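Me: Before I rely on the labels attached to this model, I would like to see each one set against its definition. Could you take me through them in turn?

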Amino acid sequence: MNEVLQGPETRQDIEALLPGETSILQLQRSLRKPRVLLSIFLSLLVTVLTVFALVPLFSVIFMLFYRGGSNLSASNFWSLPPAPFEEGGGFGNALVGTLVMVGVAGLISVPFGILAAVFLAELGPNSRTATVVRFCAKVLSGFPSILAGVFAYGAVVMLMGGFSAWAGGVALSILMLPIVMLTAEEAIRMVPSKMREASIGMGATHTQTVIRILLPTAMPSILTGVMLAIARAAGETAPLLFTALFSNYWVVTNNQLDLHQPTASMAVLIYNFSGVPFENQVQLCWSASLVLVLMVLVVNLAGKSFSVRTPQR
Amino acid sequence: MDTNAPQEIARPPSPFQRFSDRTFRTVSFLFAWLTIVVVFYIVWEIGSNSAPAMQRQGLGFLSGTTWDPNTGEYGILPEIWGTLYSSLLALLIGTVFGVSVAIFLNESYLGGVVYNGLKLVGLHLHPVLGKLPAACETLLKNLVELLAAIPSVVYGLWGIFVVIPMIRGGCNWLHEHMGWFPPFSTPLSGPGMLPASLVLAVMILPTIAAISRDALATVPPKLREASYGLGATRWETLLAVILPTAAGGIFGAVVLAFGRALGETMALAMLIGNANRISVSLFSPGNTLASLLANNFAEAGGDENKVAVLMYAGLVLMAITLIVNMFGALILQRATSGLKGLN
């Protein structure tokens, strides 16, 4: 595009074709022209801004490995959080708490989301109900996460009379639901209609078509949605602050999982220890962040890798 | 059992199959409806719990500036101000960077540079290296998406230990030399509006970049080619043709990002300083609705009055974000439907 015509013969040939006084020089891309300079300048500006936009990502990752990685030890994974001047300690109970609450949230939101998505994509895609449900799901997906906590506080904590892992799970499930539902709907829609028609043509009922044909075919993409939802829920702090609260003890007592008590989570541990003046707790806070970010990123990337392998229609 | 017999293949569904089909359809329909019920239940739960506070405080709650649990005097004007101020500031920064990233991705600058680099060494048609430009583009896109994957509490931690120490010197220099200018009128002692907004900008950048990029990508290639054909440079085309055509989508992205910024809690609760004051200074601490809830709810415990007041504040936050989000979704719908005729 920016090749300069230099041979005098070519130039004359072209100038002969140009009307009136126009010179070939006006058609060349010249660095002396302000409009060309402006274009180059703006391209450079956009490049610089993009590089700057990625600086925080690398800065966060660098800090996590620099401050969190240097002090991370295996005992962190099975010890309880330390008291202010205590050495050692870990985030074992928070890790278990996060897994348990994300598990509870997944058990609520995944079946709920997939069943509703089956309706949206297959059973009544153009019905008025579907339009309203889709709108509600979109409203939920833009819902501030702290309000999910406020809701769970009103609906579960006040009802059951105390902070609990249940309340935390319910709050997280509100945030997971729209992600699961909307991605599952999209996934079921992406199943080639030939397969659906073939199944119905063979005499299968709608239910058989959904369960035997549509869901298995759409499964990789549905899993992507589920994984993304899990990654989001695992990193959420705001809905857990006043639903699951925090605890310095294990969620499993006497080999029994007790979901009716305040429960620790990685995110709340990081929040609680980020503002304290005690060096050991701050160190632990960075190590916990590293573990949390790695967990979230691994689940996120694993989820995305599922849908990459989905066969194209 | 009898499936080998040909006449048995073409049988109508058995009663059990018909029953299970109907059950499954009903269950799926009910769960779809349950979504609607959940949304209304959330609104009702927060609304009904805040009713006592609404009766007691009335609309004065929105314009009051004191927050004193001892006297029972509550007002959230400083929080509303802080929410809007920090979000708008973050939006300003996030939009500049986000739209730049969207343009950078959509114009395939990185791919172009890598391709030209390979061409210089004559490897641009190499079976493996030839795929490098596309791979770099994908990598860049994924890196921008990773920004959104990092939990907000980690951004908050990063803000405390990296952003605040980094900007403190510059901010205090600005305050000393340009203190007459209202946004620089107080020194930055630690947490404050600017660090909070900077971190918030990083968090909404991926949203703006992703949706703006979609908007840019839906601009019909015909328009770009026509502009190039008339002799316009790349940026003349961008500024005169592509950005105006995609403006609706980009604006929608900005509004949706605004909705996200309003509801974002943790990074702000950790960085804004939680001071109940209204100030235009960028370096003064403030408070937002979401961080007010985050800081006070756990301790409200048995105090029903305080819970009701906090629920009321939650209701206000919900109203603001719902309006902003619906507005954004509407704009995006308009913007994408308007381009359909052009393709």
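Reply: A crossing is left-handed if the near helix is turned anticlockwise from the far one by less than a right angle, and right-handed if clockwise; helices are DSSP runs of H or I with at least four residues, numbered from the N terminus. This is a predicted model, in which local features need pLDDT of at least 70 and side-chain atom pairs count only at pLDDT 80 or more, while totals for chains, interfaces and linings use all residues. Residues are numbered from 1 along each chain, chains are lettered from A in the order written, and side-chain values use heavy atoms, without hydrogens or water.

Me: What makes α4(A) oblique to α6(A)?

Reply: Helix α4 (residues 128–141) and helix α6 (residues 165–189) of chain A pack at about 135°, with axes 8 Å apart, where axes are lines fitted to C-alpha atoms over the stretch in contact and angles run from 0 to 180 degrees between N-to-C directions. Angles under 35 degrees count as roughly parallel, over 145 as roughly antiparallel, 65 to 115 as roughly perpendicular and the rest as oblique, so α4(A) is oblique to α6(A). Their crossing is left-handed.

Me: Why is α7(A) called roughly antiparallel to α8(A)?

Reply: The axes of helix α7 (residues 193–201) and helix α8 (residues 206–235), both of chain A, come within 10 Å and cross at roughly 165°, and α7(A) is therefore roughly antiparallel to α8(A). The crossing is right-handed. A:M195, A:R196, A:S199 and A:I200 meet A:T209, A:I213, A:L214 and A:T217, contact being heavy atoms within 4.5 Å.

Me: What makes α3(A) roughly perpendicular to α2(B)?

Reply: Helix α3 (residues 92–123) of chain A packs against α2(B) at an angle of about 110°, with the axes 8 Å apart, so the label roughly perpendicular applies to α3(A) and α2(B). Among the residues making the contact are A:F112 and A:F119 of α3(A) and B:F24 and B:F31 of α2(B).

Me: How do you know that A:E279 and A:R67 meet in a salt bridge?

Reply: A salt bridge is a side-chain nitrogen of Lys or Arg within 4 Å of a carboxyl oxygen of Asp or Glu, and the side chains of A:E279 and A:R67 meet at 3.8 Å, N to O. A:E279 lies in helix α11 (residues 279–308) and A:R67 in helix α2 (residues 34–68) of chain A, so the pair ties together parts 212 residues apart in sequence.

Note on methods
Helix = DSSP H or I, 4+ residues; strand = E, 2+ residues; numbered from the N terminus.
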